[in-house]
Amino acid sequence: MERYYQPEIETAFREEMLSLQSERLASTVKRVYENVPFYRSKMDELGVNPEDIQTVADLKKLPFSYKQDLRDTYPYGLFAVPLKDVVRLHASSGTTGKQIVVGYTQKDLDIWADCCARALTAAGCTEEDIVHVSYGYGLFTGGLGADGGAMRLGATAVPVSSGNTQRQVTILKDFGSTILCCTPSYALHIAETLYASGYTKDDISLKAGVFGAEPWTNEMRHQIEELLGIKAFDIYGLTEIIGPGVGFECVEQSGMHINEDHFIVEVIDPDTGEVLPEDTQGELVFTCISKEAFPILRYRTRDIGVITRKKCSCGRTLVKMTKPRGRTDDMLIIRGVNVFPSQIETVLLDKGYTANYQIVVDRSHNFDSIEVRVEISNEVFSDTVKGLSQRAKELSEALKSLLGISAKVTLLEPNTIPRSEGKAVRVVDKRKLLD
Ligand code: ADP
Ligand code: ZN
């Protein structure tokens, strides 16, 4: 029987949750209207008063917020409390442009720790566990987020941070770490380094991992689980909302429960902004309803996913989101066809390749080309030239049948693609340099 960290919330009846959300939403909207000129003027423009927002059903009357709004009000323009009440700042890793900054009061940090503690508990973590955190510590939310959750649970946090992978392996072994937290791509790199150092999963004590901060496929999950001898759980979050712990996976491993007592989720049509029904794919939009310093309203994440209220076998009643299939900004448009890197990853791993790959997109004479560069194992690499070109051809056909466009395939020697210690860089879009 799985444990919960806060059962009264995680298994609450829908009506109770809705009334808690409505109450928190109304008071948050009132507070930001009074304290943040940005929201006041946006709401005034739409003719919406704070009193118009009484229940969750009123949410759709509110304006959206965008990453650009954070940039325009950089650094502190969206803070809803005076700076003296802010005890911590974090900034986004800047994957998609200029960095943005967010703030936390002590209460916000407590909420965040609760959210991450729920995620760790769902992965089987208790106070007996040793939680090895290889997300980066610093302005990036990954490290301190997971750390806060582990400490909140009374587990033992090991703040290794990312990098120096050989040392990660030594610490995993020597400290007897039982739970690993990092990006999925870094988990694979740690596994690779473990085996390259002459060890196997039998030499470490890990039982589970909580991985997120970047898209990853189920195929990659299976690879990590196999190599490290663990169960691998997904965790979702973003700096603008709180950091990791917005959503987390339970033992059913079929999507992430959203901590909806703190964050209301909507799914919208990214083109029209229309709110879509549950079980329909669209852009995820979050509203923070309990945070003090940075309670963003209807934030357009650009992450594409689906939410569902189908009953979950773990007993949690929190709404679930599917693994986001990537951001609208990651989606490549190649000769008019939409391609997500995660689709390519699925084909690669399905065909027995590693998750060490890169997608290079280029344009010449107005014609887009896509090249998938993937590493093969040493044994395969020593194959004949004929054998290799046959493999490349097979992969190219598999990609074509899935994507509907042809891609060039380049098979590479092991260890030729740079490894990431944080978020993996999957796409090199040379067209951007041409624009
Ligand atoms: P940046 O925007 O600079 O990358 P963040 O660390 O805030 O900084 O990144 C948050 C983003 O990371 C999310 O919007 C989402 O695109 C991605 N992400 C986070 N967790 C996951 C996950 N479990 N699966 C897929 N994508 C994720
Ligand atoms: Zn569940």
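Are Y236 and F286 buried or exposed? In this predicted model, both residues are buried. They belong to a protein chain of 435 residues, of which 56% count as buried.

The overall fold of the protein chain comprises 13 helices and 20 strands. The C-alpha trace spans about 75 × 55 × 40 Å along its principal axes. Contacts between residues at least 6 apart in sequence were also examined, and 67% of them join residues at least 24 apart. The accessible surface of the chain amounts to about 18500 Å², with carbon and sulfur atoms contributing 52%. The chain carries 50 positive and 61 negative side chains, and a distance of 3 Å separates the centres of the two sets.

Seven aromatic pairs were found in a search of the whole structure. With a relative accessible area of 36%, Y76 is partly exposed, whereas F79, at 6%, counts as buried. The pair formed by Y236 and F286 is likewise tilted, with 6.0 Å from centre to centre and 35 degrees between the planes. This pair links distant parts of the chain, as Y236 lies in strand 7 (residues 231-238) and F286 in strand 11 (residues 282-288), 50 residues apart. Y76 and F79 additionally form one aromatic cluster with F294.

Terms used. Residues numbered from 1 in each chain as written. Chains lettered and ligands numbered in written order. Predicted model: local features only at pLDDT ≥ 70, side-chain atom pairs only at ≥ 80, totals over all residues. Heavy atoms only, no water. Helix = DSSP H or I, 4+ residues; strand = E, 2+ residues; numbered from the N terminus. Buried < 20%, exposed > 50% of the residue type's maximum accessible area, 1.4 Å probe, protein only. Contact = heavy atoms within 4.5 Å. Areas by Shrake-Rupley, 256 points an atom, 1.4 Å probe, with all protein chains shown as cover. Lys, Arg positive; Asp, Glu negative; His and termini not counted. Charge placed at Lys NZ, Arg CZ, Asp CG, Glu CD. Phe/Tyr/Trp six-rings, centres within 6.5 Å; stacked < 30°, edge-to-face > 60°.
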